[in-house]
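Open the model in your viewer and follow the stops below in order. Each stop says what to select and what is there.

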Amino acid sequence: MSEQHPALLPVGLRDLLPPEAEAEAVVVARLMAVLASHGYERVKPPLIEYEETLLSGAGAAMAPETFRLMDPMSQRMIGVRADMTPQVARIAASRLKTAPRPLRLSYAGQVLRVRGGQLRPERQVGQVGAELIGSETVAADVEAVSVAAEALSEVGVPNLSVDLTMPTLVPAICRATGVAIEQVRDALDHKDAARVAALGGAAAAPLGALLAAAGPAKRTLATLAALELPPAAAAERQRLAEVVARLEKAAPGLRMTLDPVENRGFEYHTGLTFTFFTPGASGELGRGGRYVAGNGAPEPATGFTLYTDTILQAVPAPTRPRRLFLTPGTPPEEARRLRREGWVTIAALGRVDDAIAEARRLGCTHVFERGALKEV
Amino acid sequence: MTQKLVMALPKGRILAEVLPLLARAGIEPEPEFANEDSRQLRFATNHPGLDLIRVRNFDVATFVAFGAAQLGVAGNDVLMEFDYPEIYAPLDLEIGRCRLSVAARRDLAEEDSSRLSYVRVATKYPEITRRHFAQHGIQAEVIKLNGAMELAPVLGLSPRIVDLVQTGATLAANGLVEIERIAEVTSRLIVNRPALKTRPDEVGAWIDRLREVVHAR
């Protein structure tokens, strides 16, 4: 076997270099600042947890994606987090059980997944998120979408659009028509109208109508309004319409589409869910929605997760700061003053013959020599 | 800035059936598109916002899944093989009708397959093949071929194949029989999921227009 190159990393992992690593940190900080400004307080769960707590409740969906190892100390199985939402839900249900509701929490961190997706090979991804726990109101649904939209706009995502869905609509129709949902789920997930028609049985007609209705929010709502729906589904439709109407005021300029049958990744969601897109990025910028938090004492909750790696592809490249080369002998107080003015200073560590050439070699835009600033 | 939409079409057999559909939907490719020897890969249409590309049928799914093309035409055999979550198949174009089947040498056709634990199969569809046999509790060793599947049993490469069957004439000519149908196949209009979400009006308009054409037949 040939020797392995020392720089080779395992599949799906990579090094972030300058300036991307800095850009990522800046984006995370700005997203978190928007969440903080809306009263979402930061929590920091650990990287690894006992498997049974990490994968209980809403965390069960991530079980196949979770790296596991045995804790040599407790001799119990431990999982590396593949998603931070279940951790935050656990904190809310245990240590912050007595904190007043609605509880607003935020978090930022890296998660690890056993497999990357077919389209995204990354196995370590960054998440920034918020959870709003203890409110069942339409206002909470609206807040989750609008705060996420504000955060994404704040970091410079252009032409943001959100796709809203109600994952309870399809089950309500299936129950009313007596059709097993497993029968049509895969076909619905791929928007495969032919297979829905073939497999849907008594639900084929209403499900086909829902499929065809997906599109810009206004138009879809109008189509949905004309549909004959079972009472449970009609109630979901009513709530969806209310959310859209309120979002038009809460997040003006946000493009909204509606997809009444979207379900992927929303298996554990119990109400309004949403996904953010932008034309410039090939994947989702973030997603979220309503779920049930807490194991023993269930609580209504909503929230969202933003994917920093995708967001970084969608925002304008960061401008590099002005870098100033300080020639030997620059007084420390002078250097401090320049840094306070916003300069990044690169101090010479030894004798320099040609300050301009040395500055250029180190990627500096300016030189500070004999008390004067010079452009390189 | 509005980018052009790109529609990926499969080379070969299906293309001849797709073009009349597109024509009825009012999509006329530039004349060079008809030239099979053309080195050109991307073609304009009479719609300034829509271009066509001509690629292998498996690549249609890949281009659309990654969003390099927003629209495409692909058989559900290709979609089943890749199972890309980013592809929607909103419309059955009802062309390219055939079936995906398991075929074997005539002498094996009588064999009781419930006793098998392991088979060797030659196919262009390794994922579908593995999944299909796994559902029957059989582990399949897949030999990936890109064409002329019927040769595999004849020359002893593998006793079974999984391949598209249209009339069964090619199978019969090589002493093979169809044992089991895995799926009925037709071509679908496919779209890239983020493209549908971020450009619902343009992409949706093409889906609607083609739906009218298909249903009018």
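Contact here means that heavy atoms lie within 4.5 Å of each other. The model is a predicted one.

**Stop one: chain B against chain A.** Select both chains. By that rule, 25 residues of chain A are in contact with 19 residues of chain B. The two chains bury about 2,100 Å² between them, and 52% of that is on carbon and sulfur atoms. Now pick out B:Arg193, B:Lys197 and B:Thr198: in chain B these lose the most area to chain A, together 29% of what that side buries.

Select A:Glu262 and B:Lys197, which form a salt bridge whose closest N and O atoms are 3.8 Å apart. On the chain B side, strand E5 (87-92), helix H7 (193-198) and helix H8 (200-216) each supply at least two residues. E5(B) gives the most, with 5 residues. By class, that side has 11 nonpolar, 1 polar and 7 charged residues.

**Stop three: inside chain B.** Colour domain 1 (5-96 + 186-216) and domain 2 (98-184) of chain B separately. Their centres, taken over C-alpha atoms, are 29 Å apart. Where they meet, 8 residues of domain 1 are in contact with 12 residues of domain 2, and the two domains bury about 910 Å² between them. Select B:Asp77, B:Met80 and B:Glu81, which supply 56% of the area that domain 1 buries against domain 2.

How many salt bridges are there between domain 1 and domain 2 of chain B? The count is 0, while 6 residue pairs are in polar contact. Finish on helix H3 (residues 76-82) of chain B, which gives the most to the domain 1 side, with 4 residues.

How values were computed. Residues are numbered from 1 along each chain as its sequence is written. Chains are lettered from A and ligands numbered from 1 in the order in which they are written. This is a predicted model: local features need pLDDT of at least 70, side-chain atom pairs count only at pLDDT 80 or more; totals for chains, interfaces and linings use all residues. Side-chain values use heavy atoms; hydrogens and water are left out. Buried area is the accessible area (1.4 Å probe) that two parts lose on being put together, summed over both. A salt bridge is a side-chain nitrogen of Lys or Arg within 4 Å of a carboxyl oxygen of Asp or Glu. Ala, Val, Leu, Ile, Met, Phe, Trp, Tyr, Cys and Pro count as nonpolar, Asp, Glu, Lys and Arg as charged, and the others, Gly among them, as polar. Domain bounds come from an automatic or database domain assignment. A polar contact is a pair of N or O atoms within 3.5 Å; within protein, one must be able to donate a hydrogen and the other to accept it, and residues adjacent in sequence count only if both atoms are side-chain atoms.
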